[in-house]
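User: Please walk me through this model in short questions and answers.

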Amino acid sequence: MHARLSTETLPDLPPSVVRPSYDRAAVKTGIVHLGIGAFHRAHQAVYTDAALGAGDTRWGILGASLRSSDTRDALSPQDGLYTVSVRDGAGERVQVVGSVGKVLVAPEDPEALLQALVRPETHIVSLTVTEKGYCHDPASGELDESHPDVRHDLAHPDKPRSALGFIAEALNRRRLAGATPFTLLSCDNLPANGATLHRIITRFASRRDVDLGRFVADTVHCPSSMVDRIVPATTEADRASVAAAIGLQDSWPIVTEPFSQWVVEDDFGAGRPAWDEAGATFVRDVAPFELMKLRLLNGSHSTLAYLGYLAGHETVAEAMAAPGYTSLIRRMMDEEITTEVPPLAGFDLDGYKASLIARFQNPALRHRTWQIAMDGSQKLPQRLLGTIRGRIVRGAPFERLALGVAAWLRYVTGVDDKGAPIDVRDPLAADLKRRTAGMIEAGALVESVIGVESVFGRDLPREPIFRSTVERALSLLLAEGAAATVARLARQ
Ligand code: CS2
């Protein structure tokens, strides 16, 4: 049995393992991060670790979980230290990251998190709370005022549950104390994530109090950012291999790919770390990068997840190796998505698409299709449906994109191609189950599911070409299964 990774055992790491080069005891907490999951720990925390290493010690991270205690339970005995194992077919690079200090569990003690948010040294509040954490309507991008957490947090402002409730209460306390607000940095895969967060939090705050609403609207900076790194959930096998690599036990290491990208709108009200020195790109307008990434990477990812899962492929790399899948994705990108991605001067789009294919094929990552399939109702609008809208306006075909949508529809019926039940995780799972119960015919299924306005809006159900193309794809999936449908499309 190995000793546990911690400040005390840090010197015992083998020399090949990269570790914090700075004095962690001298680091101040400048960032509170809401939603401290694997993605944050493989991405922003790594950039921040490098910025701390460059000498600016104002930017330590205090992490907060809005739901469960497992990250805190794993990291506290390790003084916040954890391992990042970067893997591809060529090998592994291992790093111990030190930018995260304390982790709070919001439901255990909401007041402790509020106090951390109110401290004047907290200059940035960043978020990875996933799409559903914004309590919004994915099709319109507006606050969902009927959301149970929104209602709860408006009724109990000092005992919030949602990210919005914590942020609004903290901003209110700062406002009443005459202090400046913090910058709010969304790192979730939402289109125009900064502007979207600004709109939602302003609406939420003005529902609490008109003056607070005005304060938020006028003074809070919400830069947009495009985040990219593939980070599968950690497995027991990962824990064992990381322990072997570092000679210490780490309860929650992170496994990820070599690729990492962060494009951030340079609009911080109260300073920021030198994340650019660690490889982040600061730009005036993130929108073209965001659209490119959401549509090409995430659109393909979701399509692979549903078509892969239905056919029995456990991981993305496994699906990519099955007949027709790689060709389907490549042609979907080239023939149906590229026209709907804004041009970026001097950017090598072909190289980008080729690198996506290679990343999906990374044999060293076990990225489960089931993991990506989660929360489809929150993901489809920005990943596939916006692209389809563009194709419809152009009068151009979108068979493969429609197959992605049909595969989601097939997935949420809750039974796979072999008749086995699917554990569908989605905030709308119960509604989707009701809508699909007992239906076996493509036309009826499409009719019923595209009526979900928060996913499809009001416009798509009225487009005959949308209906008929999704219905055709779904008929094939129902009659032949995902594997045969993908193989058939590859031949066409
Ligand atoms: C994935 C993303 O789970 C998912 O929905 O598509 O988490 C994806 O791996 C990241 O956006 C990559 O940057």
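**Helix, sheet and ligand shell**

Analyst: Thr387 is found in helix α15; helices (H or I, at least four residues) and strands (E, at least two) are DSSP runs, numbered from the N terminus. This is a predicted model, where local features need pLDDT of at least 70, side-chain atom pairs count only at pLDDT 80 or more, and totals for chains, interfaces and linings use all residues. Residues are numbered from 1 along each chain as its sequence is written.

User: What pLDDT does the protein average?

Analyst: pLDDT is the predictor's confidence in each residue, from 0 to 100. In this protein, 100% of the residues score at least 70. The average is 97.

User: Is Thr387 buried or exposed?

Analyst: A residue is buried if 20 or more other C-beta atoms lie within 10 Å of its own, exposed if 12 or fewer, and partly exposed in between, with C-beta atoms placed from the backbone. Thr387 has 25 C-beta neighbours inside 10 Å, so Thr387 counts as buried.

User: Which residues does Thr387 touch, not counting residues up to four places away in sequence?

Analyst: Contact means that two C-beta atoms, placed from the backbone, lie within 7 Å. With residues up to four places away in sequence left out, Thr387 touches Arg295, Gly299, Ile337, Glu340 and Leu401.

User: Which residues of helix α12 are buried?

Analyst: Helix α12 spans residues 325-337. What covers its buried residues includes α10 (287-310), α15 (376-394) and α16 (399-411). The buried residues are Tyr325, Leu328, Ile329, Met332, Met333, Glu336 and Ile337.

User: Which strands stand at the edges of the open sheet?

Analyst: The sheet has 5 strands in the order β5-β2-β1-β6-β9, with parallel pairing. Two strands pair if DSSP finds at least two bridges between them. One side of each edge strand is left without a neighbour in the sheet, because each has a single partner strand: these are β5 (100-105) and β9 (183-186).

User: What is the bridge partner of Val32 in β6?

Analyst: Strands β1 (residues 29-34) and β6 (residues 124-127) run parallel and are joined by 4 bridges. Val32 has as its bridge partner in β6 Val125.

User: Which helix gives the most to the shell around the ligand?

Analyst: The surrounding residues include Asn189, Asp228, Leu297 and His301. Both α10 and α14 (369-373) supply at least two residues of this shell. With 3 residues, the helix that gives the most is α10.

Terms used
A residue is near a molecule or strand if its C-beta atom, placed from the backbone, lies within 6 Å of it.
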